[in-house]
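Visitor: I have a structure to go through with you. Could you take my questions one at a time?

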Amino acid sequence: MATVTVMTQPAMPKATFKPIIQNQNVKRKLQNISFDPKEHLTYEQPKSVIMMKDIGYSEDTGISPVAVSEPFRLFSTECIQKFRDEALSDQVMQSCSFKSNLAPCSVRGYATKYAPFIYDAWHDPDTLSTISKIAGVDLIPMMNYEIGHINISVKSEKQASEERAAIERERKSYAEDEGIAGCPWEDDKPVVGWHTDSYPFVCVTMLSDCTNMVGGETALRTGNGDVMKVRGPQMGYAVVMQGRYITHQALRALGAQERITMVTSFRPKSPFLADDTVLTTVRPISDLSQVYYEFGRYRLEMLEERVRVQLKRLREAHTAGKKTDTKALKQFLEEQDHFLQRTNEEIVLDENVVAGHQPELDIPNEKTLSPPVEESRSAKRVKAA
């Protein structure tokens, strides 16, 4: 009898970081609260929104002319504390934490089972309306698995203290040499390496106190090859970015013991808009069965709606005695064939996925630019097809 070898997905590398979580009294106080947009959504309009054309991309790149927003207030302090309570619980950290070559510690795929407050917050109509307004296109959460993805970077109090001391020395030295106050300190080492996101849009929310933090910016690769830094958000503040189409990285934050961000991904609400989603960066740090189920389901639901509308048009034209538009029909079928091929390509067999290894782009350091703001005071609207 022939011997059959069964190959299974390698065990996911588990992160060993332990974030600095609020005390148990606070956790007990927040235990029974539910998300209420009137209390927990504290939105303040961003001062500016940077457009794709501002950073050297054509306006028709992606699903919106919007590239990235300036940090804006989104959630209340109590809301952030509840986010931390759920996402950083012992149960979640033990069951849903991962590490990879791009990020030392991430927590994902927990919201549906362990975090009802976080799940409700990102599905709330007011939250979605706010994010969509900034993005310039109606958005919905990418998949439930991607709600509230957490990136964690922590260090000891000694390390943080030494960083603050070094920053202060640089500040004094700069003031003495240049005769002006300030701090030219820059640290270009990333927390998360160069990459493009798997999904069209992300909303990055800060869960850490940034009082003593220096750095922590997001570096963007512009269309002409330069690197532009965008200021990081404060606790309770967020940034919306069309990360699928912009190469970027998260730079290190100095002087603080922790930097914890929550990243929720979004896709167009309309099934008739382009969906360039890939699973490249998420396959190695995911429960493949769950991700493939959610990805396959929503892609087939998109196809189902597209076919339903096309079939209705075909029937109505025939009933009205019109000649069948052969070219239009063939174009529709070719587009859906391509859509299905792309879907199939992203569903890689489990045994061919290397757990914990995310592809990183090899991009040399370039000069940095300040973000342009002249033509980015408000996000443009994009009408769904």
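Visitor: Where is asparagine 151 placed?
Guide: Asparagine 151 lies in strand β7, residues 149-154; strands (E, at least two residues) and helices (H or I, at least four) are DSSP runs numbered from the N terminus. This is a predicted model, in which local features need pLDDT of at least 70, side-chain atom pairs count only at pLDDT 80 or more, and totals for chains, interfaces and linings use all residues. Residues are numbered from 1 along each chain as its sequence is written, and side-chain values use heavy atoms, with hydrogens and water left out.

Visitor: Is asparagine 151 buried or exposed?
Guide: Its relative accessible area is 16%, so asparagine 151 counts as buried (under 20% relative accessible area, with exposed over 50% and partly exposed in between; 1.4 Å probe, protein chains only).

Visitor: Which side chain does asparagine 151 join in a polar contact?
Guide: The side chain of histidine 149, at 2.9 Å; a polar contact is a pair of N or O atoms within 3.5 Å, where within protein one must be able to donate a hydrogen and the other to accept it, and residues adjacent in sequence count only if both atoms are side-chain atoms.

Visitor: How far apart are asparagine 151 and arginine 259?
Guide: They are 108 residues apart in sequence and 8.0 Å apart in space, C-alpha to C-alpha.

Visitor: Changing topic, how many disulfides does the structure hold?
Guide: It holds 0 disulfides (pairs of cysteine sulfur atoms within 2.5 Å).

Visitor: And cysteine 203, buried or exposed?
Guide: Cysteine 203 is buried, at 0% relative accessibility. Cysteine 210 is also buried, with a relative accessible area of 7%.
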